[in-house]
Amino acid sequence: MERVTLRIAGAGLQTTVQDLGRPAHLHAGVPGGGAMDRLALRAANLLVGNDERDAGLEAALIGPTIVFETAALFALGGADLGAALNGEPIHTWSPVAAAAGSTLRFGQPLLGCRTYIAIAGGIEVPPVFGSRSTYIRGGFGGLEGRALRAGDTLSCGAASPTSVNIARSIAEGTTTGIGGWSLGATLRPRYAADAVVRVIEGAHTNLLTATAREALFGGRFRVSSSSDRMGYRLEGDALTLREPTELLSEAVAFGTIQLPPGGAPIILMADRQTTGGYPRIGEVASVDLPLVAQLRPGDSLRFHEISLDEAQRQYLRQEAELSQARAGIALRFGTRIRP
Amino acid sequence: MRFAPLGDQAVMITLGTSIDEPTHRLVRSVVSRLRAAAPAAMTDLVPAFASVAVHYEPAIVGGDRPYARFVETLEAALAEGSMADGPTPRTIEIPVCYEGELAPDLEEVARRHGLSASDVVELHTAGEYLVYMIGFMPGFAYLGGLSPRLATPRRASPRTAVPSGAVGIGGQQTGVYPMVSPGGWNLIGRTPRAIFDSAREPAALLDTGDRVRFRAITRAEFDAWSE
């Protein structure tokens, strides 16, 4: 299988190269970054026989137009942005074989906000801090530290033996799409334009007034249009603390819910700063970060409080399912002697 | 020492309630001991003024209650080793040109405090500053030790693009912008040194615990600077 090269014929709204980010440089103030919906990228990578950590493209709302200059095996995970290959609609969560010269286009966003395009071999750009993720604010990572532009070309790494076997089985017609068994129903997230997001208590939840606490865990918040990869700003009932509090700056996490003065909470996302000084009134359970990442400006959410134990139980369960999917794909398509 | 969850993939260890050197030494001691112990599930440590966050992978901890189990691991690691401060702090010298267009707010800061511009430079360069933590931006150091005689409130209207290397005063803090960024600090100079360079190893010039000194250089030296 030849290494894939692709040309960006249309940039889309914001298309960037992303992988699973830079987890080990937070102490230097370097944001973790990476895919907003990590599960979608990981699953799409598995479906094309990649390592889960391989780089793909993250496309928000209006997808890019991509010309595959070589034959390519790819899969879409995450949002359904109305994709079509050479005019034929294609499904998310399924590997697709594209002949050389094929064009992938996106139409109307049908569900969710961000789609992940995983291509066999993974996108090859120079790693920065061990990651191929793009950090636009810092101008590094991905392709030249910026969003993709029309005219850009990208190339991919060597396809794994698993990728080759998946592509072969599509060509032989033995796999019409492996989404059915490889991704259990529980692995496909329940994206919704009005999401229920599980949250654990934050360090400063107890500083909220009783009314504010009720509003936080019972009220509906709207995702503001000034939401981005750094954070989702929420509109709803203004939340207040029992008394004004000056906090020292300290670390935050992916999913930390901050309460700045003004009372409108912010959910910190992939490109968040590594530290902050605002009260932390909640922490989104890691398993539900994909739900948040798939909300569009104007969509809404409600927070549902769960315990830390429950959040970690759900996380470990999801990891176990991903492991099974990985093992299943390796078993069925991994390298072995073929007659 | 207090342990609390920071979401479901990090532990916040709180060591104090204020910005002071004894608390800072505790922070550095915790960082040093945890780095030495290097628990398998730990992915990074983020020290701050009075806390250290330990980011971890729950799937590597495993078991029924990864948080509780990981806290036990951290407690065991911290029980070992002394409460020593950790490695000897480095002193990093940052050359700063406090002249002309590189110091747009210098005159204003001087005027506010009834000082001359050269008084401000003298006071700024006389200090020995401590890096309490890195955060806010890649490589951005929170420095302690600014003379109260130089503390100046942030500008009423922030600039949309403060140049990389700009040295500023914001409230009771002083520091250097590691990259172009919006900012409301009063800019009194600029360093030709790269505070942060993603292509360099290490990328960040400064680390928690470093001592920093500023040294005045001329515009000619600034222009001629190369690393």
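Two strands pair if DSSP finds at least two bridges between them; strands (E, at least two residues) and helices (H or I, at least four) are DSSP runs numbered from the N terminus.

**Figure 1. Strands β5 and β13 of chain B in the predicted model.** Strand β5(B) and strand β13(B), residues 211–217, run parallel and are joined by seven bridges. B:Ile94 has B:Phe214 as its bridge partner in β13(B). Of the seven residues of β5(B), residues 91–97, five are buried (under 20% relative accessible area, 1.4 Å probe, protein chains only).

**Figure 2. The contact between chain B and chain A.** Chain B contributes 42 residues and chain A 37 residues, contact meaning heavy atoms within 4.5 Å. About 3000 Å² is buried between the chains, 61% of it on carbon and sulfur atoms; buried area is the accessible area (1.4 Å probe) that two parts lose on being put together, summed over both. In chain B, the most area is lost to chain A by B:Leu6, B:Asp8 and B:Asp44, together 18% of what that side buries.

**Figure 3. The salt bridge between B:Arg65 and A:Asp309.** The closest N and O atoms of B:Arg65 and A:Asp309 are 3.0 Å apart.

**Notes.** Residues are numbered from 1 along each chain as its sequence is written, and chains are lettered from A in the order in which they are written. In this predicted model, local features need pLDDT of at least 70, side-chain atom pairs count only at pLDDT 80 or more, and totals for chains, interfaces and linings use all residues, while side-chain values use heavy atoms, without hydrogens and water.

Definitions and conventions: Buried means under 20% relative accessible area, exposed over 50%, partly exposed in between (1.4 Å probe, protein chains only). A salt bridge is a side-chain nitrogen of Lys or Arg within 4 Å of a carboxyl oxygen of Asp or Glu.
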